[in-house]
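Subject: A structure for you to look at

Hi there,

Here is the structure I promised to pass on. Have a look at the backbone when you get a moment; my notes follow below.

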Amino acid sequence: MSSKSSDPKLEVRAPRETVALFGHEDAEATLLAAYRSGRIPHAWLIGGANGIGKATLAYRMARFVLANPDPSAASVQTAGSLQIDAAHPAVRQIAGGSHGGLLTLERTANDKGVLRTVITVDETRETIGFFGSTAAAEGWRICIVDTVDELNANASNALLKVLEEPPERSLFLLISHAPARILPTIQSRCRKLLLRPLSVDNVSRAAAESAGLDAGDGSLREAAEASEGSVARALMLIAGDALGLHHRTAALLATLPHVDPKALHALGDALGNNDRTAIAAFVDTIDRWMSERLRAPDANANLPRLARLAEVWEKINRAARDTESYNLERKPLVFSVFGLLADVTR
């Protein structure tokens, strides 16, 4: 789960700190069997929807390999899962970002403290020095890219060069929310592992474990049921009034192409100006609504309308990013989004 929660009210463990994995037993067994064979592919593309546990699985694999560097060891050959003792030094070192055998590529903040929209080529070139250095942990060097979707074009090419000539005992775990969109040249060098959305029970348990909540809490259960199998989405919905904003936004989407200006004003007021969780809930609800329409069985029957939907989706996401990045007024975004959606649904 790529849970990089921005909600100050909810303390969420990052995937590098999360030892437990819920669901994905088959994917974990595939990784373990490949490692146990002694012939594990050097690169894996772990794909699936946002927030379902891809990064958690990647860190779990990294911990296991770095804690058990010999694939032929009895501890590996008899292991039933990738679970390792929470007291193992690798757990603490990876959680603290200090393990010499692990490099993580992810978006970082710029000089103004604003999270970049992409992983830059300079950051990606760190892999060259990392894989060219003396290996830690008896030879294994592992790179987690969270996510490969966020590499810009130059960064993708820089990563590709390392993937094409991997040093021995190197392991790449590339995480993607949309693996089909990754450069074909990168895809062709990876073993693909597709994760499915989690069950409601597993979402509840994973969210409770990650945020220290009660798995039996009614609000958490309601958020899990609305999450479509995503732990990150459930945690986002349970924060503050996000679940209420999700329901209000969904109700207005159901009335399209009709729009109620009074209701839009109220929704814009509810989003506030500084609540990142609120705008995340709004944008997430819009994204899901549009995604459902693009995936509808009859969507391809009207290709011009499908193209307009895709174009509007891109405009909305760009406007949302600008609104959040520059802390703009939320209400104009609400009116702009519903105006675009009303036009495209008429």
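**Backbone notes**

Thr 147 sits in the loop that runs between strand 3 (141–146) and helix 7 (153–164). Please keep in mind that this is a predicted model.

*Cis peptide bonds*

The bond joining Asp 146 and Thr 147 is cis, with omega at about 5°. A cis bond also leads from Leu 256 to Pro 257, and its omega is near 10°. Where does Pro 257 lie? You will find Pro 257 in the loop between helix 12 (242–253) and helix 13 (261–271).

*Positive phi values*

Arg 169 is not a glycine, yet its phi is positive, near 55°. Arg 169 belongs to the loop between helix 7 and strand 4 (170–176). Its relative accessible area is 33%, so Arg 169 counts as partly exposed, given that this class lies between the 20% limit for buried and the 50% limit for exposed.

Glu 228, another residue other than glycine, has a positive phi near 55°. Its place is the loop between helix 10 (218–225) and helix 11 (231–238). With a relative accessibility of 38%, Glu 228 is partly exposed.

If you open the model, the loop holding Thr 147 and the loop holding Pro 257 are the places to look for the cis bonds.

Best wishes

Methods
Residues are numbered from 1 along each chain as its sequence is written. This is a predicted model: local features need pLDDT of at least 70, side-chain atom pairs count only at pLDDT 80 or more; totals for chains, interfaces and linings use all residues. Side-chain values use heavy atoms; hydrogens and water are left out. Helices (H or I, at least four residues) and strands (E, at least two) are DSSP runs, numbered from the N terminus. Buried means under 20% relative accessible area, exposed over 50%, partly exposed in between (1.4 Å probe, protein chains only).
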